[in-house]
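Good morning, and thank you for making time for this.

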Amino acid sequence: MQKLEHGVFGLILLLIVMAVLQLNPQWHQALTYNSDTAISQGWPLIAAHLLHLDWSHALFNYLALAVIVVIWRDLLSSRWLINATLLSGVTISLLLLPFEVQFVGLSGVIHGLLLYCLVRDAKQHRWLWGVSVLLVIKVIAELLGWRPAHFVGDDVALIHAAGLLSAAVLLKLERRRLSDAVPHKD
């Protein structure tokens with residue numbers, strides 16, 4: 001059971017949810033993020049990150065998420081992984097509201113989780129600061145027009161940049177309970 005606490009159970013749960021959503025294409029239109037309607041619909045703020053364009057897009061993102069969980073299993077609990085995925089997704093969605101963006105996919109969340117893990121682990125392994133800087137430079141290059149062949153759409157760079165910003169939110173809120181944010185009457 002202890003091994004499941006190292007993010008594996010959370011990973012399995014997320015993969016199952018994403019696969020179920022992927023198997024039901026009739027949900028795609030309703031759950032796709034569109035900055036014009038995301039707030040009024042609500043669900044796309046989270047669900048769009050769990051949907052993918054097709055199975056190859058989904059498998060690529062599933063693999064990236066699994067690599068993060070395997071590499072940083074000592075940093076991640078299943079509960080944290082699920083909460084961070086949801087919080088990162090909502091943060092990205094809110095950051096993208098001012099732009100005319102439509103998307104599905106987990107790549108923004110993956111960028112946020114990756115930067116979070118790199119920064120957290122850089123406290124013990126200082127060379128990871130360099131990897132963190134390279135990740136930020138990669139996203140800046142994307143914003144300036146560099147587009148790898150596997151990119152689909154012009155908004156991927158914005159989504160990745162919002163993902164990096166979501167890492168700052170995760171770092172700020174780590175180890176804080178939601179109940180600490182609510183004032184208590186004594």
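Confidence in the protein chain is lowest in helix α1, residues 2-23, where the mean is 79, and highest in helix α7, residues 107-122, where the mean is 95. I begin there since what you see is a predicted model. Over the protein chain the mean pLDDT is 86, and 88% of the residues reach 70 or more.

Let me now describe the overall architecture. The protein chain contains nine helices and two strands. Read from the N terminus, the order of the elements is α-α-β-α-α-α-α-β-α-α-α. The protein chain has 186 residues, and 44% of them are buried. Among contacts with a separation of 6 or more, 74% are between residues 24 or more positions apart. The protein chain exposes about 10,800 Å², of which carbon and sulfur atoms supply 66%.

Which residues form a nonpolar patch on the surface? They are Val8, Ile12, Ile16, Val20 and Trp27, and together they have about 400 Å² of accessible area. Valine 8, one of these residues, is found in helix α1. Its relative accessible area is 33%, so valine 8 counts as partly exposed. Valine 8 and valine 69 are 61 residues apart along the chain, yet their C-alpha atoms are separated by 7.0 Å.

Further along is histidine 28, which belongs to helix α2, residues 28-31. Is histidine 28 buried or exposed? With a relative accessible area of 16%, histidine 28 is buried, because the cut-off for that class is under 20%. Apart from neighbours within four places in sequence, the contacts of histidine 28 are Leu21, Gln22, Leu51 and His52.

The next residue is leucine 65, placed in helix α5, residues 55-71. Leucine 65 counts as buried because its relative accessibility is 1%. What does leucine 65 contact, leaving aside its neighbours within four places in sequence? The partners are Leu11, Leu14, Met18, Leu81, Leu106, Ile110 and Leu113.

At 26% relative accessibility, leucine 97 is classed as partly exposed. Setting aside neighbours within four places in sequence, leucine 97 is in contact with Tyr33, Ser35, Ala38 and Ile39. Leucine 97 and serine 35 are 62 residues apart in sequence, but 4.8 Å apart in space, C-alpha to C-alpha.

I come now to the charged side chains. How many salt bridges does the count give? The count comes to one salt bridge. In it, the side chains of glutamate 142 and lysine 138 meet at 2.3 Å, N to O. Both residues lie in helix α8, four residues apart, which is about one turn of the helix. In general, an α-helix has 3.6 residues a turn, so residues three or four places apart point the same way. As for burial, glutamate 142 has a relative accessible area of 0% and is therefore buried. Lysine 138, at 27% relative accessibility, counts as partly exposed.

Finally, I would draw your attention to helix α9, residues 156-173. This helix has 18 residues and reaches 26 Å from its first C-alpha to its last, close to the 26 Å expected at 1.5 Å a residue. Several residues of α9 are buried, including Val156, Ile159, His160, Gly163, Leu164, Ser166 and Leu170. Which elements are included in what covers the buried residues of α9? The cover includes α6 (78-95), β2 (102-103), α7 and α8 (128-143). Two of these have already come up: α7 is the helix in which confidence is highest, and α8 holds both glutamate 142 and lysine 138.

Methods. Residues numbered from 1 in each chain as written. Predicted model: local features only at pLDDT ≥ 70, side-chain atom pairs only at ≥ 80, totals over all residues. Heavy atoms only, no water. Buried < 20%, exposed > 50% of the residue type's maximum accessible area, 1.4 Å probe, protein only. Contact = heavy atoms within 4.5 Å. Areas by Shrake-Rupley, 256 points an atom, 1.4 Å probe, with all protein chains shown as cover. pLDDT = per-residue confidence, 0-100. Patch = residues over 30% accessible without salt bridge, like charges linked within 9 Å, V, L, I, M, F, W, Y side chains within 5 Å. Salt bridge = Lys/Arg side-chain N within 4 Å of Asp/Glu carboxyl O. Expected span 1.5 Å × (residues − 1).
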